[in-house]
Amino acid sequence: MSSYCSLTFDDGPNLTTSIRMIEVLEKHGAVGSFFVCGKNINEETEKVMLKAQSIGCTIENHSFSHSHMTELSEFQIKNEFDMTSDMIQKVTGRRPEFFRAPYIDADEKVFSSVPVPFIEGEGCEDWLSEVDADTRYERILSTISNGSILLLHDFEGNEATVECIDRLIPVLKEKGFEFLTVPEIFKKLEVDPNRHGHQWKNICKI
């Protein structure tokens, strides 16, 4: 029996690590969801988003400026979300279905200001340079379970996560895991993402 997980990547798009991560996914026949920041979208990085989409990945919303959402007004939060969603739709033809708040910083004001489900995820502290690729790999392998949404980062220079995921995908496939985008994993597990009031971390544990 298959288990399902979703690889998610925050803070792109860029012309370095994002491209390498897409190459790793394509190499292993896997997909994921990229939670992008609007401020990083430009004529060059639009091509990166389209490449990710072409191999079956989805592009989701990670705000425009990567600010702490709880420190913003409702108007500012809505603007952060709407600007980025508009940019994503203009490039991909698809409006993002999910939001991840930067720093997982959200409260009822933020939840009520953004009209889509929130994704948290199971992290391995891959934003810390002192956490090397081996540690990231071991942490994910020891905690992953059916329904896991893995919170990872493709910001520029985060090559340790690229290395980790390159090693991890074949091992998880051997263990029976199938890699799905965030929209796909909710559909596959027949879970309504709108039924949980806060942030999804592992679909099967709520």
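**Cores and helix packing in a predicted model**

The largest nonpolar core here has 34 residues, and L7, F9, L25, F34, L152, I165 and I169 have the most contacts inside it. A nonpolar core is a set of buried Ala, Val, Leu, Ile, Met, Phe, Trp, Tyr and Cys residues joined through side-chain atoms within 4.5 Å. This is a predicted model, with local features needing pLDDT of at least 70 and side-chain atom pairs counting only at pLDDT 80 or more, while totals for chains, interfaces and linings use all residues. Residues are numbered from 1 along each chain as its sequence is written, and side-chain values use heavy atoms, with hydrogens and water left out.

- Skipping neighbours within four places in sequence, L152 is in contact (heavy atoms within 4.5 Å) with L7, T8, F9, D10, C124, D126, I140, T161 and I165.
- There's also a second, separate core of 12 residues, and Y4, V182, I185 and W200 are among them.

**α5 against α6**
- Helix α5 (residues 133–143) packs on helix α6 (residues 159–174) at about 40°, with the axes 8 Å apart; axes are lines fitted to C-alpha atoms, for helices over the stretch in contact, and angles run from 0 to 180 degrees between N-to-C directions.
- That angle makes α5 oblique to α6: under 35 degrees counts as roughly parallel, over 145 as roughly antiparallel, 65 to 115 as roughly perpendicular and the rest as oblique.
- The α5–α6 crossing is right-handed, meaning the near helix is turned clockwise from the far one by less than a right angle.
- On the α5 side, the contact uses A133, D134, R136, Y137, I140 and L141, and α6 brings A160, T161, E163, C164, R167, L168, V171 and L172.

**T161 in α6**
- T161 sits in helix α6 and is buried (under 20% relative accessible area), at 0%.
- Leaving out residues up to four places away in sequence, T161 touches M21, D126, R136, L152 and H153.

**α2 and α3**
- Helix α2 (residues 45–54) meets α3 at about 65°, with axes 10 Å apart, which makes the two roughly perpendicular.
- This crossing of α2 and α3 is right-handed too.
- E46, M49, L50 and Q53 of α2 make the contact with I88, V91 and T92 of α3.
- M83 lies in helix α3 (residues 74–92) and is partly exposed, with a relative accessible area of 31%.

Note on methods
Helix = DSSP H or I, 4+ residues; strand = E, 2+ residues; numbered from the N terminus. Buried < 20%, exposed > 50% of the residue type's maximum accessible area, 1.4 Å probe, protein only.
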